[in-house]
Amino acid sequence: MQTSTTIRPGQRGAKKLMSQYGDRLVCVRYRQDAQRLRRFKTVELIVEEWPWTPSLPRKNKERLVFVKVAFPERELRRQIKDVGAVWNPDKQAWEIRYDHAIALGIETRIVEEASCYI
């Protein structure tokens with residue numbers, strides 16, 4: 001079955017179902033079965049609710065982070081250049097992959113996350 005249309009509560013085509021299901025209605029979907037030549041209207045409902053505390057986000061190993069390295073630390077600068085780090089003059093920090101920073105043992109020098117991935 002393929003979904004052709006998804007309608008949110010309050011949109012045209014879901015108002016009657018919203019009066020029937022109220023706040024429990026999440027969406028209405030129109031699906032079609034090409035083999036049986038049938039169309040279906042389905043609803044997604046909330047059937048249970050409980051408190052939840054989100055876990056901390058996982059660190060993507062390939063994400064880029066900014067790392068501060070002092071100018072006199074020549075050996076460390078050479079090491080981070082060898083793994084592909086790039087100097088960012090605006091941030092005055094080295095842009096390096098997170099997993100490379102961990103491997104070099106410089107995760108404590110991470111100042112912020114870069115906005116892109118490799």
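Visitor: Which residues of S4 are buried on one side, and which on the other?
Guide: This is a predicted model, in which local features need pLDDT of at least 70, side-chain atom pairs count only at pLDDT 80 or more, and totals for chains, interfaces and linings use all residues. Residues are numbered from 1 along each chain as its sequence is written, and side-chain values use heavy atoms, with hydrogens and water left out. Buried means under 20% relative accessible area, exposed over 50%, and partly exposed in between (1.4 Å probe, protein chains only). Both faces of S4 are covered, with Arg 63, Val 65 and Val 67 on one side and Leu 64 and Phe 66 on the other.

Visitor: Which residue in S6 stands opposite Val 65?
Guide: Strands (E, at least two residues) and helices (H or I, at least four) are DSSP runs, numbered from the N terminus. Two strands pair if DSSP finds at least two bridges between them. S4 and S6 run antiparallel and are joined by four bridges. Opposite Val 65 stands Ile 96.

Visitor: Within what arc do the buried residues of H2 fall?
Guide: Leu 76, Arg 77 and Ile 80 are buried in H2. The arc takes the directions from the helix axis to the C-beta atoms. Seen down that axis, the buried residues of H2 line one face of the helix, because they fall within an arc of 100 degrees.

Visitor: Which residues are exposed on the other side of H2?
Guide: The buried residues of H2 have a cover that includes S6 and H3. On the other side, the exposed residues are Arg 74 and Asp 82.

Visitor: Which residues are in contact with Ala 85, leaving aside its neighbours within four places in sequence?
Guide: Contact means heavy atoms within 4.5 Å. With those neighbours left aside, Ala 85 touches Ile 80, Trp 94, Glu 95 and Ile 96.

Visitor: How many aromatic pairs does a search of the whole structure find, and of what kind?
Guide: Rings of Phe, Tyr and Trp (its six-membered ring) pair if their centres lie within 6.5 Å; planes under 30 degrees apart count as stacked, over 60 as edge-to-face and the rest as tilted. The search finds one pair. Trp 87 and Trp 94 have ring centres 5.3 Å apart and planes at 65 degrees, so the pair is edge-to-face.

Visitor: Over which residue's face does Arg 77 lie?
Guide: A charge sits over a ring if NZ of Lys or CZ of Arg is within 6 Å of the ring centre and within 35 degrees of the ring normal. Arg 63 has its charged end over the ring of Tyr 98, 4.4 Å from the centre. Arg 77, at 4.5 Å from the ring centre, lies over Phe 71.

Visitor: Is Leu 37 buried or exposed?
Guide: Most residues other than glycine have a negative phi. Leu 37 is not a glycine, yet its phi is positive, about 55 degrees. Its place is the loop between strand S2 (25-33) and strand S3 (38-45). With 72% relative accessibility, Leu 37 is exposed.
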